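Dear colleague,

I am passing on the structure below, followed by an account of what was found in it. Please read the notes beside the model itself.

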Amino acid sequence: MTKSILKLKDISKSFSGVEVLHRVSFDLQPGEVHALLGENGAGKSTLVKVITGYHQPDHGDIYLDDALVQFVDTRDSRQAGIAAIYQELSLFPDLDVAENIFVGRHPQSFGLKVDWRKLYDEAHELLDSLGVTIDLKQKARHLSIAQQQIVEIARAFSINARILIMDEPTSSLTLSEVAELFALVNNLRENGTAIIFISHRLEELFEIADRVTVLRDGNYIATTKSKETSRDDLLRKMVGRTISSQYPKTEAPLGEVVLQVDQLTSEGLFTDISFEVKSGEILGMAGLVGAGRTNVAESIFGIRPATSGKILINGLEVSINSPQQAIGLGLAYVPEDRQQHGLIPAMQITPNISLPKLDDFAKYTWILNKKEKKFAYSAALQMEVRARSIWQLAKELSGGNQQKVVLAKWLSTHPRILILDEPTRGIDVGTKAAVHKLMSDLAADGLAILMISSELPEVIGMSDRIIVMREGFITGHFMRSEATQENVINAATKDVRIENLS
Amino acid sequence: MTTQISRRTTPRINVWDLLARFREVGIIVFILLLGAVVTLRAPSFLTVNNFRDILMNISILAIVALGQTIVILTKGIDLSVSSMIGLVAMMVGFVMRQYPETPIFLIVLLGMALGTIAGSFNSIIITFGKVPPIIATLGTLSVYRGLVFFYSGGTWVNSFELPQSIKMLSKGRLFGVPNLILIALFISIIVYLFLKFTRTGRNIYAVGSNVEAAEYAGIRPQRIIFLVYLISGLLSGIGAVLWVSRFESAQTNTALGFELQTVTAAVIGGVSISGGVGTVTGVVLGAILLGIIQNALTLVRISPFWQLAAQGLLILIAVVLDKVIYTRVARN
Amino acid sequence: MTVETINKNQQENIISDRQARKSFFSIFLKWEWLLFVLILLVIFINTRLSPFFLNAINLSRTSSDFMEIGLMMLPMVLIIVTGNIDLSVASNMGMSASLMGLMHNMGINIWLAALAGLTLGTLGGVLNGYLVAYVKLPSLVVTLGTFAFFRGIAFGFLGDQAARNYPSQFTFIGQGRVFDTLIPFSVVLFIALALIFGLVLHRTIIGRQLYAIGNNEPAAKYSGVPVEKIKFILFIVSGFISALAGLVLAARFGSTRPDNGTGLELAVITAAVLGGLDINGGKGSMYGATLALVLIGLLRFGMGLLNIQSQVQSMVIGLLLIVSILVPHIGQQIRFLKQVKFRWQSILMTVGLLVVFTAFFIFFFWSRAPIIAQF
């Protein structure tokens, strides 16, 4: 066993009385990629923040090169050569790319004046060495998500980190971009950098990680070499029980066409989108991030109405200019961004659930509290929301339970058409299975479901049919029987990607 | 990845883009157009004397608006600047009346110190007390104004009670240019250098752009926020001394309502109320535009009573135009 | 899902439909109760200090002094709940009242003039609302612009003139009392409107949607809340009520000057925030705001009886405003301070600040002493 570069011993951390980490130990060796695995709320992000000095542990020690250290804030950890790329992108939208890389440590001349020329030169060199070209004077707000990720990585690289922490770096990257990223990581590993890698995608871990440490409910569970373990074994450790078949999709009898979209176009976002969804059917929508899938969903739901094209519901042409109209027509939309668009974190579960259909719980405009409460309670029960009470604030729930509240809220409107945008992103394995089961049940009950997902196994496992989008166009259409990972990727990427993958 | 990214970032330069990137250009164009129209109606607009007047009128505004700008860059707002000016002006006035022999540089230093202390009180409430800036400074707006009354017992310091030295501070000339204008220019340059060429200056933009990210990047946002209200107080203190000098008096209602003018100058100058965006050049131009409008309305004989309405309308037009330009850019 | 699963869940009892139990005392820790206690305290102290305080005629007269602020506060509460702000209310009231005054001076029937004033105020609200809701400009910037614009129009209408000699039927709105009691008409008007606004905010669909917008505007939009329409209407209502407050003020003074009500917008916002509204939206109640208005009114009345200058009164209110936001956070701050490790830097800074502030106050009293001594 080589000497470890970073060692955590018995780290505990509580927030307002709730213990988030309980005596967690962890060690990291130079030149290894060490994956950190666990469900949401298992304590991975908190552990990362303890390592970077953003949080101070209540109990336990941190050793760097076998010497006891204490990080008061993120400056200390950075000086020690620890860099982190956080889950929430932490760029400065109003600063340009070059400055984003060097924020807080602008190169100076005479120890006083910011040396802009040097800053741009160094940024240029850095991006060159990463093999990417981005306009250095571009403001970060105008970058694509993948570009933002690259700037983040460049920033971490720029401090010559010995320890690099990557918290879900691939969650919004396309496949080829993931491949590029892994090439970079391998490069770093060979140079002796130690990397802590957090991801929900198990397949990735087997590809990139040397060792895997599993956390569950703030407890340390196990550390294993990734070569000596299996997917099922890791899953079991993560969840603490065996997960049965992952995609409980049952074939439901298909009914009439409920939603039909005909040549829908929104300038600059998507062009000539046509498809139909039948009652009882789950239509999967695959594609890369930024392919325009969310834009299509939002325009159908009236948030940003399309500039041309037709939407037909039950065969009748409708015009939908606002979410209110959409709800009135029996549409429901579970958006991709739960915190921003899905729910109102600072409000209780009850008003969150009743919000889209307040009319149902009101006489004239007067809200009938009892009726509302009764309804919210039964909706929460039905979705098996785990919370103390339906009067708990939504922000206090875990990601999975928040998603259940969002689902409860939309199902309470009794929709005929349900649009799900990345329904299982960032939620734990247990809830994920529950959501899949629910989708299957809803389809069996005759709902028409349009599901957007970037997770290929999910799309292929859950959909009756799949359409694939790329850069605003539909580039593929597959029946359940003919869809494979390969041909869906093919349609999603076409020309540029295949070369990169090989 | 390389190919894809470089393809996405091919720069597309057009008029809207330019206007959005160089906000200052838009203001200059507007100033020139306005100047042309006014000159046609009133040729006396285009004279050196008139321009000197305009600049004299906006010098103090520009100085204090720069402080306001630094605050707004961090998503804050300082409504108390007018009361800080009132308080410092009164205290400086009292000292000058009592000790007319005090050297002028000491008086300036005193004004700066008093302003900074008033500003630091805002800083403490906002950073340690976690009071939202708009509320904290709304509170101190009344508190400082109340202190002016309490301090002076409702009395004024009049022109004849003030020594010549303070009056000459703004009215003296160097190469024919009034000191006041030179001081404003000097301070603008200092603030420009500070915001553009020091780490602290850049950190102010970073904090305003994304507080959490700034913290991840090792910046201490609370320190930056503490600092900006201090600077706003400092510049208000300087503004107060200049105010006494220019108007040769210290009254209980000195600078009443000035806070909104400073915000106006900043907003017209392209400072975004949601933080992180704004330049010194823009704000100075914004203040100049305000001054020119006021001057032009007088020259073309628009009743002084309608001038305030015209100013308000101008702010509305400026922000709406700004929005339109940005939407255009976003659409491209 | 089936009935069976629901029953199973009820047995497991994974979620309850009850509010979390609160201790008896925690109910009284609500901000509204604190305000109530403060009000009692102010009444108690003032009755000790001045025999004129509990005089019914005085109270009746002083209560009508605060009705313009109160009226404008009602829509302001709703606007602040959505996370917006309307700085133009006082200017709007000046503008509407000036138009009415101008028309009255021209010999037009007073009620027609009042109607014109109300219409203009409402139009002002339409302008604000349109720019905020549909052009999507920040309300602070928009109403800062209309703050100057409306006041400017007021000056444009009346210049340095004033409108006077309103007929007594009209001045009744501001000076009259109801049914020969001591209760001023404007107070009745305020109470009626406050009830309506309070019920709308706390008991209706729109009220719920206001809170939703204030807490998370995009999510509210995605949930089918007509965000733009609601904002538009709010600012229109605010314009209308401001104009109404302008009429009340004109009726109370019996005259109109274009600078009527200058600076009242800050008084209105102060009352709302003191009442427990979160300036960032989503929190607060109409009861709180109304109690805060009463508190401010009694405080000012009491200080007025003691011959304290009105600006110094404002200072007290300003301090109260700051303290009211500070106090609820104090627990947090103490916890925060406990976490901070002992550091020389922070000690030095605290000492430094203390020295500076002491020096400031010594200087403050020293420099004013010789002049004040002359009086």
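This is a predicted model: local features need pLDDT of at least 70, side-chain atom pairs count only at pLDDT 80 or more; totals for chains, interfaces and linings use all residues.

Residues are numbered from 1 along each chain as its sequence is written, chains are lettered from A and ligands numbered from 1 in the order in which they are written, and side-chain values use heavy atoms, with hydrogens and water left out.

The secondary structure of chain C comprises 17 helices and 0 strands (DSSP runs, H or I of at least four residues for helices and E of at least two for strands, numbered from the N terminus).

Turning to the interface, 58 residues of chain C are in contact with 57 residues of chain B, contact meaning heavy atoms within 4.5 Å. Between them the two chains bury about 5,000 Å², 84% of it on carbon and sulfur atoms; this buried area is the accessible area (1.4 Å probe) lost when two parts are put together, summed over both. On the side of chain C that touches chain B, the elements giving two or more residues are α7 (110-134), α8 (139-158), α14 (264-274), α16 (310-339) and α17 (344-373) of chain C.

With kind regards
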